[in-house]
Amino acid sequence: MKALYKKIDHMMLDKYPNLWVLGVHIYLPLLTLLYLVLFAIGLLYPLNPLPFWNNYEDVFENLTVTMILPTILLTVMFVIRQVKYNSKRVHLSLPHKNSFLVFLYFIGIFFLITASPFVANFGANVRSHMALDVNEFEKDVKALEKGFAHIFLEKQFIDVYRKDFNPKIHFNEDLDDNNDEYYDGYNRNYHTVRYKLNETRDSLILYRSFVRYYYRNDLDTISLEQAYKEIDDFIRVSSKYEGQTTTTNAQEIVRRNLASTKYFLKDEASNGPAFDYLESYSRFDNNIEFHDNLSENNSIFFVVEWKFWKIYFLLALSLAIVLLILCSVKITEFGWGMLVVALLPTVYGIFMALGVFTLQHSGNNTIEKYGLVLTLVFLGLTMFIVFSNNFKPALKRAFAIALHIYAPLVVVAVITFYEEIADCCFRNPAYRYDCDCTYLLTRSEFEDLLLLSSVVTAVVVTYLFGRYYKKQYINPQKA
Amino acid sequence: MIYHATNILKQYPRSNFSLNVPAVELKEGSIVGVVGENGNGKTTLLNIIAGELASEGEFTYFDNAISSDTDWTEIKSKIAFIPQRIPRWYGSLIQNLKLKAALDGIPASTINEYLDEILEFLGLMDYKHLKWTEISTGYRLRFELARMLIGKPNLLVLDEPLANLDINTQQKFLSDLKNILRDKNYSTAVILSSQQLHEIETVSDQMIFLRKGSSVFSGAVNDLESSNAKLVFELQVETEDKPKLIEFLKRKEIDYGSTGEYIHVSINKTDSSNDFLKELLNENITVKYYRNISKSTKRLFNQ
């Protein structure tokens with residue numbers, strides 16, 4: 001194995017030095033192996049019988065946590081190799097185009113390294129999708145949601161009627177038009193009827209706000225026939241998920257529920273009636289939870305959510321920028337750069353705090369305007385130091401490092417301040433706000449815009465600063 | 001012409017020191033030695049020549065005049081600069097040499113052969129698989145030289161390469177330099193600074209002597225003697241004979257000076273150095289060390 005590695009190492013060094021220096025032949029196979037092992041762990045984890053969700057979740061969460069240390073180790077090893085071999089001496093002698101490709105490679109490797117703790121989750125996701133039919137569950141869950149209100153009602157979920165509420169089976173005829181009266185909050189004595197027979201209509205009035213999957217957060221009037229059907233459907237579907245009821249007689253269930261409710265209404269107890277026709281509830285609950293998390297990409301299955309990765313990607317991007325800077329400048333100047341990186345926001349924060357303190361009662365978005373101006377002033381001053389010939393090269397480079405790192409954040413800050421100052425509403429297709437102006441974007445699209453602009457800025461600035469660093473060191477230095 | 005510069009002027013901010021060298025010329029196949037006491041501008045001059053430090057003056061590298069628009073990438077690719085403190089290498093020596101060769105565009109199929117040729121040339125074959133920490137300072141310097149030679153530089157700038165080397169390693173290194181210049185594969189000029197006057201003068205075609213940033217002497221070593229009307233010797237005698245020697249010099253009205261245990265004596269060119277030595281022996285003065293420094297920049301240290 002060692003001989004094979006040496007052979008590959010020599011071949012890479014001779015034929016592809018640009019790749020050798022990056023450690024492509026070490027990190028790509030290493031990460032591929034790591035990914036395969038972790039993916040296999042997720043893929044091979046037995047799902048028959050379906051494990052208890054909490055245990056299953058613990059296994060993968062612990063695996064993720066355990067992988068943090070190797071991830072840090074791999075990151076540090078990668079950085080050390082780059083600093084050793086791909087240092088200024090080599091890095092700056094490469095054509096600029098190569099330097100930028102090196103940056104893209106850094107992003108890739110850092111992303112692969114930092115994403116490795118979640119690879120097992122991917123395997124688990126694939127395996128779970130193979131073992132469980134999510135599409136069928138999504139159909140089944142509707143039947144379960146509807147039926148659940150008939151089958152299981154815990155005491156603590158019952159509300160108290162007002163004292164003068166007629167306990168007989170009678171209900172406001174205009175119930176559907178006046179829902180608010182019955183459930184507009186706990187400040188009044190009105191409360192909802194959860195399971196009540198409306199004799200005049202031969203129908204049941206249900207409040208299904210707390211069925212497990214929030215099928216409906218409202219009063220619901222259904223016919224008795226419909227209630228029997230819902231119960232039958234529940235009984236049929238629940239068995240797929242190891243949920244068995246103590247009785248399969250829908251009429252009996254409705255009758256007992258009504259009796260229980262009546263009993264409660266008479267007693268007006270603080271805790272309401274409870275009915276539970278489920279056997280082996282824990283298995284049933286667990287199986288549903290498993291399916292539900294898989295269906296909704298919750299918990300360990302979040303790894304397939306783009307909205308997570310688009311944020312997580314910023315970690316790899318940030319590490320790549322810092323490493324590229326480290327490879328492009330002298331170590332001591334990198335240290336000075338980091339000092340400026342630490343000091344700039346401190347000074348900015350002091351000025352911002354002074355501004356906020358002074359302008360806090362001035363209104364009309366004055367603080368936001370001040371913040372925008374302050375940000376632009378800091379940007380201008382930093383750029384002046386970086387590009388002017390009046391400062392020592394080491395100082396210029398230290399500020400260049402800070403500008404390089406903060407440029408994406410500055411863009412985000414400027415856009416955000418501008419948005420605050422304009423004070424318009426975000427477009428919302430589902431709701432109409434009373435606003436003087438409306439942005440073309442929804443809030444979510446605006447957040448995506450911020451993210452995209454910071455990433456694009458980071459990439460463009462890195463490309464430009466690559467040239468800057470190179471020119472700084474290739475050209476004769478002013479003392 | 002590899003390098004030509006006139007009116008080199010460098011002043012550091014908040015410092016009284018300034019470097020002022022009227023001209024430096026480096027021809028292909030020549031070695032130029034830069035000497036002078038510490039802090040007199042040798043490193044500054046070499047940094048300027050290597051393109052590491054900006055200064056005033058007119059500069060021509062490889063027949064191209066330097067202007068503010070000059071792209072230094074191409075020029076730097078032809079200059080090999082070995083600073084006094086060589087940056088550490090990581091990994092094995094051969095690995096680093098291979099990396100440099102590959103990055104310099106040496107075809108993969110010929111890299112091993114090409115490197116072996118250089119290593120053989122410098123007598124480093126037996127050490128190529130070692131690491132930086134496993135070799136002595138002298139070998140580090142020679143490996144750095146090997147690394148620099150890979151790109152076949154046209155200008156080799158070496159700052160105090162002989163410092164920290166033992167006398168044999170110094171000789172070996174200087175011999176390497178001579179061999180490089182003799183080799184037709186390298187159309188190179190070398191400029192180096194050193195405190196080892198004798199050694200550097202032996203290999204240099206031209207010498208530059210700096211004192212307080214100014215070029216006191218610039219030219220061939222042989223020109224030193226013609227520019228001086230006197231012969232200059234450096235002497236060391238037994239401690240008990242030193243008063244006798246001083247008394248003798250005074251009696252004969254010979255100019256002299258001393259640095260530590262060494263006495264510097266200037267006699268007219270018309271006088272013979274042999275006669276002078278005979279007279280010393282006749283005076284029963286035991287001479288421990290004698291050197292004619294008339295053709296050496298050493299004598300400039302004593303002026």
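**Close-up views of the predicted model**

**View 1. Asp434(A) and a negative surface patch.** Asp434(A) is exposed, its relative accessible area being 82%. Here buried means under 20% relative accessible area, exposed over 50%, and partly exposed in between (1.4 Å probe, protein chains only). This is a predicted model, in which local features need pLDDT of at least 70 and side-chain atom pairs count only at pLDDT 80 or more, whereas totals for chains, interfaces and linings use all residues. Residues are numbered from 1 along each chain as its sequence is written, chains are lettered from A and ligands numbered from 1 in the order in which they are written, and side-chain values use heavy atoms, with hydrogens and water left out. Asp434(A) is placed in the loop between helix H17 (393–422) and helix H18 (443–474) of chain A. Helices (H or I, at least four residues) and strands (E, at least two) are DSSP runs, numbered from the N terminus. Together with Glu420(A), Asp423(A) and Asp436(A), Asp434(A) forms a negative surface patch. Patches are made of residues with over 30% relative accessible area and no salt bridge; like charges are joined within 9 Å and nonpolar side chains (Val, Leu, Ile, Met, Phe, Trp, Tyr) within 5 Å. Lys and Arg count as positive and Asp and Glu as negative, while His and the chain ends are not counted. A charge is placed at NZ of Lys, CZ of Arg, CG of Asp or CD of Glu. Asp423(A) is also found in the loop between H17 and H18 of chain A. With 54% relative accessibility, Asp423(A) counts as exposed, and its phi, near 55°, is a positive value in a residue other than glycine.

**View 2. A nonpolar surface patch in chain A.** Met1(A), Leu4(A), Ile8(A), Met11(A), Tyr16(A) and Leu19(A) make up this patch of about 610 Å². Accessible areas come from the Shrake-Rupley method with a 1.4 Å probe; for residues, only the protein chains shown count as cover. Helix H1 (residues 2–15) of chain A contributes the largest share, three residues. Leu19(A) belongs to helix H2 (residues 17–20) of chain A and is partly exposed, at 36% relative accessibility.

**View 3. The salt bridge between Arg397(A) and Glu333(A).** The closest N and O atoms of this pair are 2.5 Å apart; a salt bridge is a side-chain nitrogen of Lys or Arg within 4 Å of a carboxyl oxygen of Asp or Glu. The pair links distant parts of the chain, with Arg397(A) in helix H17 and Glu333(A) in helix H15 (residues 331–359) of chain A, 64 residues apart. Arg397(A) is buried, with a relative accessible area of 3%, and Glu333(A) is buried at 7%. Over all chains, the count comes to 24 salt bridges.

**View 4. The salt bridge between Arg256(A) and Glu252(A) within helix H12 of chain A.** The closest N and O atoms are 3.1 Å apart. Arg256(A) and Glu252(A) are separated by about one helical turn, because they lie four residues apart in helix H12 (residues 250–267) of chain A. Arg256(A) is partly exposed, with a relative accessible area of 38%, and Glu252(A) is partly exposed at 23%.

**View 5. The salt bridge between Lys100(B) and Asp104(B).** In this pair, the closest N and O atoms are 2.5 Å apart. Asp104(B) is partly exposed, with a relative accessible area of 36%.

**View 6. Helices H3 and H8 of chain A.** The 21 residues of helix H3 (residues 24–44) should span 30 Å at 1.5 Å a residue, and the end C-alpha atoms are 29 Å apart, which agrees. The expected span of a helix is 1.5 Å times one less than its number of residues. Buried residues of H3(A) include Tyr27(A), Leu31(A) and Leu38(A). Helix H8 (residues 119–131) has 13 residues and reaches 19 Å from its first C-alpha to its last, close to the expected 18 Å. Among the buried residues of H8(A) are Val119(A), Gly123(A) and Ser128(A).

**View 7. The cis peptide bond from Asn48(A) to Pro49(A).** The omega of this bond is near 5°. Pro49(A) lies in the loop between H3 and helix H4 (53–66) of chain A.

**View 8. Positive phi at Glu242(A).** Phi of Glu242(A), a residue other than glycine, is near 65°. Glu242(A) is found in the loop between helix H11 (224–238) and strand E5 (244–245) of chain A. Glu242(A) is partly exposed, with a relative accessible area of 36%.

**View 9. Thr71(A) and Pro117(A).** These residues are 46 residues apart in sequence and 7.4 Å apart in space, C-alpha to C-alpha. Thr71(A) lies in helix H5 (residues 68–85) of chain A and is buried, at 9% relative accessibility.
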